[in-house]
Amino acid sequence: MLSFTLGKLIRALTVLLGVSFLTFIIGHSSGDPVRLIARGDATEEQRAQLRHSLGLDRPVLEQYRIYVGKALHGDLGVSYRQHVDVSRLIALRLPNSLELAGAAFVLAMGIGCALGVLCVIYRDSVLDNVIAGLSVLAQVVPGFWLGLVLVLLFAVHWRVLPVSGSGDLTHLILPAVTLALPTLGRMTRLVRGGMLEVLQSDYIRTARAKGLSERQVLLGHAAKNALLPLVTQAGLELGDLVGSAFIIETVFAWPGLGRMAVNAVQQRDFLVVQGCVLVIAAGFVLINLAVDLLYAVIDPRVRGRS
Amino acid sequence: MSFWARLIRCPPARRGLVMLLVMAVVALAAPLLAPADPWKVHPAARLLPPLSRSAVDGADALGRGANASGNGTNASGPGADASGNGANASGNAHTGAGATTLHLLGTDSVGRDVLSRLIYGSRVSLTVGFAAMVLSALFGSLIGVVSGYFGGIVESLTGWLVDVQLSFPFLLLAIFLLGALGGGTLAVILILALATWVNYARIVRAQVLSIKNQGYVEAAHATGASVGRVLFVHILPNTLAPICVVASFSMAQAILTEAGLSFLGVGLDPSTPSWGTMLNDGRDYLLTAWWISTMPGIAIGFTVLGVMLFGEGLRELLDPRSLR
Amino acid sequence: MDHSTGCDSEPFPDGSGRLLGPARNRRLLLRLSAALFLACFAVISGGCGSHGERPIVVASVSDVSSLDPHLLDVNHPTGSVIWSLFDSLVRRGPDGADLPRLALSWERLDDLTWRFHLRTDVKFQDGSPLTAADVKFSFDRMNQAPFSALQQLWQQTTLQEVRIVDDHTIELRTSKPSVTMLYWLEEAFVAPKAYYSTHDAAYVNTHPLGSGPYKLVEWIQGDHVTLTANPGYFGGAPALKDVVFKVVPDLSARLNGLATGDIDLALELTPDTMSQANTANSRGVETLGLRKLHFGISQHSSVAALRDPRVRRALNYAIDVPTMIKSLMHGSTVPLASVVNPPNANPDLTPYGYHPDRAKQLLAEAGFPNGFDLDIDFTPMWGQDKDVSETVAGYLNAVGIRTHLHADEWNDFRRKLTDASFDGLFYAGWAALINPAVELVIFTCHQEDNASGYCDPKYDELAHSVSTEFDVTKRKAEADAAQKIVWDDAYWIFLWRAPLYAGLSNRIDYTLRPDDYLEIYLAKPRP
């Protein structure tokens with residue numbers, strides 16, 4: 001188990017290095033920050049001075065090495081546009097992102113599981129079909145469009161929820177629901193499919209035949225085996241929620257990492273982009289690591305396979 | 001019964017296929033179906049609600065007779081008129097002074113016909129979705145086959161690539177690269193392909209691993225078949241079915257992502273009639289002219305639904321456990 | 001939508017299609033799912049906080065870029081917040097008039113020397129008094145990197161030296177006569193020497209200390225800036241105590257917030273949505289702005305036709321500006337009649353008008369009877385960029401010019417502006433101000449704002465003497481002559497002055513300035 005964990009950890013670190021290097025190279029080739037900051041008629045001397053003070057006159061690889069060295073100490077540089085520490089900017093936004101992604105995750109997992117189970121209970125009934133239809137719909141409707149429509153209905157028409165921004169928990173409802181919907185749809189179907197599959201497998205029949213109570217069958221055998229694919233999927237979905245939330249964040253003016261990153265890309269504020277990508281990637285890698293370890297705990301066979 | 005025959009008998013797949021065929025026909029026959037030129041602006045006929053009529057000036061479609069139609073006030077058109085519209089698809093031709101054009105789904109913020117743009121937009125969405133799907137299927141499958149077949153260092157390396165790609169917040173990468181590449185349809189296709197190849201690589205690798213040691217592959221090896229022959233004749237065909245399933249889902253994803261990118265204002269040429277750009281155009285008019293962004297939203301939903309139902313059918317038909 | 005029926009999958013063993021035998025289990029699962037539902041709602045709906053006395057909320061599209069007064073880059077929102085936190089020697093009135101602020105009065109000692117008499121009752125927000133040394137420190141700071149890369153005071157006025165005469169008197173010496181001295185001083189803000197020379201740049205950027213009518217409470221980057229009234233302000237504390245500058249990029253969200261009463265001043269609305277600003281809680285207000293919207297015509301273009309004045313005139317004749325104003329702008333503005341704003345505009349110039357036949361004739365005369373290919377760039381900066389560009393492209397198509405539209409990110413666009421590297425037309429706004437000397441600068445050779453790349457020595461001479469000539473009559477004659485060159489040779493496709501649209505809640509009264517700056521300290525609560 002130790003070597004398994006260690007192996008996974010090293011892999012995670014190399015992945016992070018890869019991501020940061022990729023971002024660095026793309027950012028570096030996408031434009032000169034000095035042209036961003038300086039006024040158009042700034043003299044060559046003023047520009048050179050600025051370039052030097054930003055450390056941009058060094059070779060690329062050395063810049064990268066310095067960046068990584070500082071990043072390990074929590075220093076992600078200073079934003080070219082807002083002249084504020086990138087780590088401070090991220091610290092301001094990260095809790096909002098986590099709040100939104102967390103709420104959406106809880107919603108999607110909770111309601112998704114509940115609906116999936118309902119479908120299993122009332123299999124082939126009207127309810128099953130309605131839920132199945134809705135769960136497909138949730139996956140095919142573009143989230144940003146749905147967000148706009150929800151704002152129009154709940155915030156403008158009925159005035160029951162705030163339009164946008166962050167604040168008390170009522171601000172969270174619309175963006176969280178909008179963000180959760182596609183995941184919710186997928187979870188519902190996954191839970192339904194997984195449970196059905198497990199319930200018709202041989203060993204459940206055996207368990208029933210052995211005279212175990214249905215409760216033992218469901219919770220002891222079926223749930224555990226239906227859980228495995230769910231854990232992987234849930235991990236992927238959580239990473240997805242954090243990483244892809246920014247269209248929703250834009251629609252609802254939710255001050256999260258994603259929106260900041262997109263703004264930074266458009267403003268060529270490269271250090272901010274780099275910082276955001278690194279944090280999001282780190283989150284994703286961590287989640288995957290957790291999933292892998294969890295998986296290994298649930299299913300010991302995995303340990304041997306890696 | 002062949003695989004495809006069974007597929008057609010499966011209701012969700014059949015429904016999906018019909019929906020896709022409808023969209024394909026619309027896309028192919030766009031010039032015949034569209035009641036008006038989707039690019040022609042008409043400043044005097046802006047923001048007309050569905051079922052309105054606008055005057056068509058004989059001399060030029062810019063409608064310099066500004067008073068010919070009040071701005072959004074002449075919402076006429078009982079539903080009955082609408083039916084005849086598809087038949088006389090002569091909107092492209094100038095119909096002479098005094099004639100009017102019926103805007104079944106209204107006009108947008110510069111007076112272009114929404115229905116016509118929607119019809120032409122299906123070309124963009126389907127092309128982009130399909131091309132991205134094919135490209136990423138080719139690339140992803142190749143990576144998957146190679147990594148599954150050779151194993152060892154190749155497998156570790158491709159596995160690492162997959163992990164890096166998965167950890168990278170993809171849409172950010174897309175916006176980043178589109179800024180650098182300068183947008184355009186081809187760039188969008190390439191980037192969407194880059195987004196989804198991982199799915200193929202994983203599935204194909206798993207398939208290859210399970211097939212690799214089966215009798216007939218080993219037999220092929222024994223008879224002295226080359227590695228390439230083994231890969232392409234004996235292994236790849238057996239991975240085709242799961243690739244198709246992944247393909248249908250990633251096409252759905254590609255269509256949605258293209259819309260998302262256009263919604264953020266990056267990607268396609270701004271005047272291209274694509275559903276995503278239309279959604280973006282309509283965003284500021286949500287309160288005043290809902291039809292501009294609602295219609296493409298429905299179109300996207302419809303197409304993605306078709307693709308997904310088809311994929312769902314495929315998946316049900318194959319072993320559901322091996323996928324996802 | 002059923003998933004598996006008919007798809008060759010096995011029916012369930014008992015053939016009933018029902019999975020769970022005993023009803024007990026169904027209840028168990030039901031209870032399980034109900035519990036999950038409830039848990040979700042508990043997490044999501046939680047407690048709802050209640051509001052106390054709400055601050056005034058100003059909603060803008062973007063965030064301030066810095067709170068360092070010498071990193072000011074755009075009028076709004078950065079400029080508006082800096083104007084609230086800091087003071088300049090001279091205040092620019094909404095009509096362009098030069099009014100006293102930190103300076104009570106000023107005089108020109110000779111063509112190259114200005115003397116300013118400072119107020120003696122001004123205190124910074126930490127209680128220290130303002131002296132001439134703070135003014136000298138601030139102006140000198142504007143001449144150092146990185147501030148010098150953004151501030152134009154020294155360069156535009158040819159400022160040479162800032163001299164302290166006594167604690168409340170200061171002299172500025174220039175190398176050439178400068179008509180625009182007061183204009184540039186209006187954007188030169190005074191920061192306390194003691195504080196700004198002892199703290200590093202990153203710290204003062206987020207912890208500003210000025211003498212202005214408002215103090216900073218917090219700046220949450222990308223979300224909002226909160227200000228509170230400065231009770232010790234020399235001009236008296238502003239009427240509104242707490243003000244929040246909030247970032248709300250989405251137009252619909254700004255309008256919705258106005259309707260629900262969450263936003264008190266929604267900026268950057270559009271003509272099409274103005275009617276939506278009139279709600280039970282709010283009303284729409286508009287003012288004719290000073291920014292001149294136009295299409296720049298690149299002279300570095302690969303399209304040789306653009307260097308022919310006849311072609312440029314044809315472009316102007318081809319576009320139906322009155323119809324566009326009527327339909328796109330809802331009649332809220334007027335066609336441009338010069339590159340200089342009233343009241344300084346040359347009164348002899350009149351708009352080109354819509355004459356497509358004359359346009360075609362001019363194109364034929366210039367040797368382009370079949371038109372040519374033309375790129376059009378636009379960026380989301382001046383409002384309705386896409387609608388205007390697409391409509392103009394439509395008009396140009398109608399006279400045979402084949403257009404290709406490009407939507408640029410603002411930063412790419414800005415780079416092309418400063419490099420003068422557009423290849424065709426570009427949609428832009430110019431000079432939201434009333435000062436012919438500054439407005440005419442745009443067509444002088446190699447000037448940074450000269451994005452089209454015109455270079456006419458005769459024009460240069462006129463524009464230059466407009467900015468150095470103190471004689472009013474002479475200056476007016478030269479300005480008129482320069483404007484006539486621009487107009488007759490059709491340096492731009494002239495559109496209209498950009499109107500400003502905003503929504504005001506019923507809680508406040510405020511009159512918009514035509515130059516995009518927002519002086520929130522002048523807003524009043526509504527009785």
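Helix axes are lines fitted to C-alpha atoms over the stretch in contact, and angles run from 0 to 180 degrees between N-to-C directions. In the predicted model, helix α5 of chain A (residues 86–121) packs against α6(A) at an angle of about 145 degrees, and the two axes lie 8 Å apart. The crossing of α5(A) past α6(A) is left-handed. On the α5(A) side the contact is formed by A:L115, A:L118 and A:C119, and on the α6(A) side by A:L127, A:D128, A:I131 and A:A132. Six nonpolar residues and one charged residue make up this contact, with no polar residues.

Between chains A and B, 31 residues of chain A are in contact with 30 residues of chain B. Elements of chain A that each supply at least two residues to the side touching chain B are α1 (2–29), α6 (126–140), α7 (143–157), α8 (170–199), α11 (246–251), α12 (257–266) and α13 (270–298). The largest contribution to this side of chain A comes from α1(A), with seven residues. By class, the side of chain A that touches chain B comprises 22 nonpolar residues, eight polar residues and one charged residue.

In chain C, strand β18 (residues 492–505) is mostly covered, with 14 of its 14 residues buried. Strand β13 of chain C (residues 265–266) pairs with β18(C) in the antiparallel sense over two bridges. Strand β14 of chain C (residues 282–297) also runs antiparallel to β18(C), and twelve bridges join these two strands. Within β18(C), C:L504 stands opposite C:L265 and also opposite C:R283.

Methods: Residues are numbered from 1 along each chain as its sequence is written. Chains are lettered from A and ligands numbered from 1 in the order in which they are written. This is a predicted model: local features need pLDDT of at least 70, side-chain atom pairs count only at pLDDT 80 or more; totals for chains, interfaces and linings use all residues. Two residues are in contact if their C-beta atoms, placed from the backbone, lie within 7 Å. Helices (H or I, at least four residues) and strands (E, at least two) are DSSP runs, numbered from the N terminus. Ala, Val, Leu, Ile, Met, Phe, Trp, Tyr, Cys and Pro count as nonpolar, Asp, Glu, Lys and Arg as charged, and the others, Gly among them, as polar. A crossing is left-handed if the near helix is turned anticlockwise from the far one by less than a right angle, and right-handed if clockwise. A residue is buried if 20 or more other C-beta atoms lie within 10 Å of its own, exposed if 12 or fewer, and partly exposed in between; C-beta atoms are placed from the backbone. Two strands pair if DSSP finds at least two bridges between them.
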